[in-house]
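Hi everyone, thanks for coming. Please have a look at the picture.

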Amino acid sequence: MEIINIDLSKCVGCNSCVRVCPAPAANVAGYDKNGKMVIDIDGDKCIKCGACIKACGHGARTFQDDTERFIKDIKNGKNVVVITAPAVKIAFDGNWRHVLQWLRNNGVKEIFDVSLGADICTWGHIKYLKENKGKKIISQPCAAIVNYILQHKPKLINNLSPIHSPMLCLAIYIKKYLGRNCSIAALSPCIAKKEEFQETGYIDYNVTFKHLKDYFEENNIALPKIKVFSEFEFDAKPGFVGAIYPKPGGLKENILLHTPDIHIVNSEGVGKVYREIDDYKDADSFILPDVFDVLNCEFGCNDGPAIGQEYKSFKMEAIMRDVKEYTINKRNSSVIVDENGDKLEDEQFRMFDEKLNLEDFKRKYTSKYKDKGTISNSKIEEAFKILGKTTPLEKSFDCHACGYKSCHEMAEAIALGINVPDNCYQYIMEKVNKETSRVEQINISVIGMTEELRKVIDVLNHSVDDTQKDSEKIGQLGQKGIEDMIIVSEYMKELINLGDKIYSNIEGISKNAKNYKKITDGVEEIAQNINLLSFNASIEAARAGESGKGFAVIANSIRELSENSRKSVQNANTNNKNINESITYINEIINNFNEKIKNLIGVVDSTITHVKDTSENSKLIKESMTNVRGLSDKVNKLIEKTKDILQSN
């Protein structure tokens, strides 16, 4: 399980973590699956100082400790002893005793003050320096500093103080000298302590003040908000001046209190101490202090990354001043003096000399340095080329936007594959400038296109106007057409009535013609009879001789009348035939006329319907043209807005 965790979904690639990290190689820049720039962590290079957690304003980085496991174990009755850092007075200002009493009430067997371990740590440093004259050491109460040297500055391992940190000194004292067979939980303001505990094996839980506070809040555990009486007292004797270890230069003040002739320099803060550690590595030994007292956090452990309290300098200084005054008074009361009142020795240190073995409190270090390999100048130059940096000025722009101290460090990171060109401000700006130039050309083209589009819109507007007018005309003509078709339809109906009347009259004529034929048939029959009679009369006249001549003349006249009648009948029949043929033809014409008129009326009715539909459609066309005009106006406004935006950019 990693101590520093990262939620890449919350990371915005702002480089704040890189900027504050004492070991920039611990941060690996790249892209997530969505192409977003993110900064991941290389656990092997991370020193767990917590600076990135403080710097990340997006909540992407968090840390793990053992609070949850610790609470579960004590509630299950496990034999756990608690040691608490003096910074508890800052973390739980006013009610720190109540916090410790709550732990005792909930299963913690014993609770010790790490100030005692700090006193042992001070004693150990003084004793070691006396035994190793001229030795130059770097203090190691700060686990982040130790991690930095073990992982990144292996040449300084020999300078690391061999004396354990106050917490480890106390844990060793509890197990070896008090004989406690138990698990030990340390209440601390430090994230990196977890790694120290894992490597040394004396402490089983790193319970940070921040996560302990979170536990109280999440479980609605109410603690007094003001300073009230608490029955809590530490088990065994608490420490003395070791209580001021959390403040900057705390170890320095403790050592100088006992041996003021030792040369000690202190340094604190991510932005300062690591730079000075790098300087320490390259400095001549004779100019180095006897003790280089270093802390990762600018305001000491009181401002640790897991303190769970926003640092308020004057308030914390006031608390530490009271602690210092109280503990020094206690310490002075235990100092042994001679008959003249001169100090002989510290009673506490005398007890340490008598009972403690310095070797028990020494730590052996194992390097965790992983050689990143030699970065050749050619690889760095290749990285500069990738970044588009060719001139000395470009290579030393050093804007720090990438999080590194220099462009050279950024080029090294590119060469190592732990960063990407897009994290370089100059590189991005050059891309932006090129893109801006390209966009400007596109803008010009777009503006030209919008002008063309405007012309098309104008033509469309004119066409819409003409179409709207035509649609109005269509509507008017359609209405007039409907009226005309109605009149035509009425005329057609009258023609049908007239045709019906003609047809009726023709039928009457046809009947009369048939009667006429009957008459002619009768006349022809009479003519035949007359002709027969005249023929008989002629025969009789011939028989009568001379006396029959007059009768013969009459018979002859009758025959001529009969012949004329027969011819008239024949002519009448011919005329009757012609009349019948004409009547039949006229009937066919009238029937055809009626059929055509009916079809015409159907077409007229259909035309009326279509004209009505055309009239309705003309209304729809008019409405559509109105909508098109509105759309055209919107497009016009959009073009104008686009043009303004493009010109403004």
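Let me begin with a term: a residue is buried when its relative accessible area is under 20%, exposed when over 50%, and partly exposed in between, using a 1.4 Å probe and protein chains only. Please keep in mind that this is a predicted model, where local features need pLDDT of at least 70, side-chain atom pairs count only at pLDDT 80 or more, and totals for chains, interfaces and linings use all residues. Residues are numbered from 1 along each chain as its sequence is written, and side-chain values use heavy atoms, with hydrogens and water left out.

So, is asparagine 15 buried or exposed? With a relative accessibility of 4%, asparagine 15 counts as buried. You'll find asparagine 15 in the loop between β1 (4–6) and α1; helices (H or I, at least four residues) and strands (E, at least two) are DSSP runs, numbered from the N terminus. Asparagine 15 is not a glycine, yet its phi is positive, about 70°. Histidine 400 also has a positive phi of about 70° without being a glycine. Histidine 400 sits in the loop between α16 (392–395) and α17, and is partly exposed at 37% relative accessible area.

On a 1 Å grid over the protein atoms alone, a cavity is a set of points where a 1.4 Å probe fits but cannot get out, while a pocket is an open set with protein on both sides within 12 Å along at least five of seven lines; lining residues have an atom within 4 Å of a point.

The largest pocket has a volume of about 900 Å³, where volume is the space filled by probe spheres set on the points, and grid points are joined across faces, edges and corners. Which residues lie nearest its centre? Of the 36 residues lining the largest pocket, they are Pro22, Ala23, Pro24, Tyr148 and Lys153. Elements giving two or more residues to that lining are α1 (16–20), α7 (143–152), α12 (273–282) and α17 (407–416).

How many cavities of 30 Å³ or more are there? The count comes to five. The largest cavity has a volume of about 350 Å³. Its lining has 28 residues, with Pro141, Pro189, Lys193, Leu295 and Cys301 closest to the centre.
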